[in-house]
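Please inspect the sequence and the structure before reading the solutions.

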Amino acid sequence: MKSIAIIYGSSTGNTKYAAQLIAEKLAGYSPVLKDIAEVSPEGFPEAEVLMLGCPTWSIGELQDDWDTFFPKISKLNLNGKTVAFFGQGDCEGYPDTFADALGILYDEFAKTGCTFIGEVSTDGYTFDDSQALRNGVFVGLPLDEDNESDKTDSRVSAWVNSLKQYLD
Ligand SMILES: Cc1cc2nc3c(=O)[nH]c(=O)nc-3n(C[C@H](O)[C@H](O)[C@H](O)COP(=O)(O)O)c2cc1C
C-alpha cells in the first residue's frame, strides 16, 4: 500500500472540500492532507503518491497559493513519485479556460521527474476550451462545484477507483 499526500490550494473552499472528499474515499490509505499555503519546498510531503488540487482563478490562472509556490516547483526532485491532479472550475462562467490550472501545473511538474496518473475523459463535461487537455483528455480530474455540484461525488468516486491500481 502506497503512502499518499493530498495537497490543495483553495480560495473559497471548493477545492478543499474536494480534497477532503478524496481523503475520505481513500481513508484506508491514511492520506496526509495539506494546504499548499503551508507547504515549503523543503517540507514537501515525502509520500509516494501526490494528489495535487488547484482551482482555476483570474481567467485561466492558478489559485493564489499555488501561484506563490509555482516558481519552486521545477526545483523539486520528484523522481520515483507519482502525481495526480484535481481541481475546481466553472464551465459555464469560464468555458474557454475551464480548469486551466490543471494543465499549468502539469507542465511545471513535468520538470520534476515524476510520473503522472489520473487523466480523465471529457465525456460528460461541457466547455469550449481548456489548457488541461493533452491528446483530448484532461490531465486530471476537473470538478465544478459552481454548476455541477451534484456530479462531484460520483466524479470523485470514479476517479479514485481508477487510481486504485496505482495505490496498492
Ligand atoms: C474571478 C474568477 C475567475 C475565475 N476563473 C476561472 C477560470 O478561468 N476557469 C475556471 O474553470 N473557473 C474559474 N473560476 C471559477 C473557480 O475556479 C470556482 O469558483 C472554484 O470552485 C473555486 O475554487 P476554490 O473555492 O477552491 O478556490 C473563476 C472564479 C472567479 C470568481
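**Exercise 1.** How far does a backbone N or O atom of threonine 15 lie from an oxygen atom of the ligand?

*Solution.* The model is predicted, so that local features need pLDDT of at least 70 and side-chain atom pairs pLDDT 80 or more, whereas totals for chains, interfaces and linings use all residues. Residues are numbered from 1 along each chain as its sequence is written, and side-chain values use heavy atoms, without hydrogens and water. For threonine 15, the distance is 2.7 Å. A polar backbone atom of serine 11 is 2.8 Å from an oxygen atom of the ligand. Threonine 97 contributes a polar side-chain atom, 2.7 Å from a ligand oxygen.

**Exercise 2.** Determine which elements give two or more residues to the shell around the ligand.

*Solution.* Helix H1 (14-25) and strand E4 (56-57) do so; helices are DSSP runs (H or I, at least four residues), as are strands (E, at least two).

**Exercise 3.** Describe the residues around the ligand by class.

*Solution.* There are 20 such residues, and Ser10, Thr12, Thr56, Thr97 and Asp146 come nearest. By class, six are nonpolar, twelve polar and two charged; Asp, Glu, Lys and Arg count as charged, and Gly is among the polar.

**Exercise 4.** What is the make-up of the protein in helices and strands, and why does its radius of gyration agree with a compact globule?

*Solution.* The protein has four helices and ten strands. Its C-alpha trace spans about 35 × 35 × 30 Å along the principal axes. For 168 residues, a compact globule would have a radius of gyration near 15 Å, and the 14 Å of the protein therefore agrees. This radius is taken over C-alpha atoms, and the globule rule is 2.2 Å times the number of residues to the power 0.38.

Note on methods
A residue is near a molecule or strand if one of its heavy atoms lies within 4 Å of it. A polar contact is a pair of N or O atoms within 3.5 Å; within protein, one must be able to donate a hydrogen and the other to accept it, and residues adjacent in sequence count only if both atoms are side-chain atoms.
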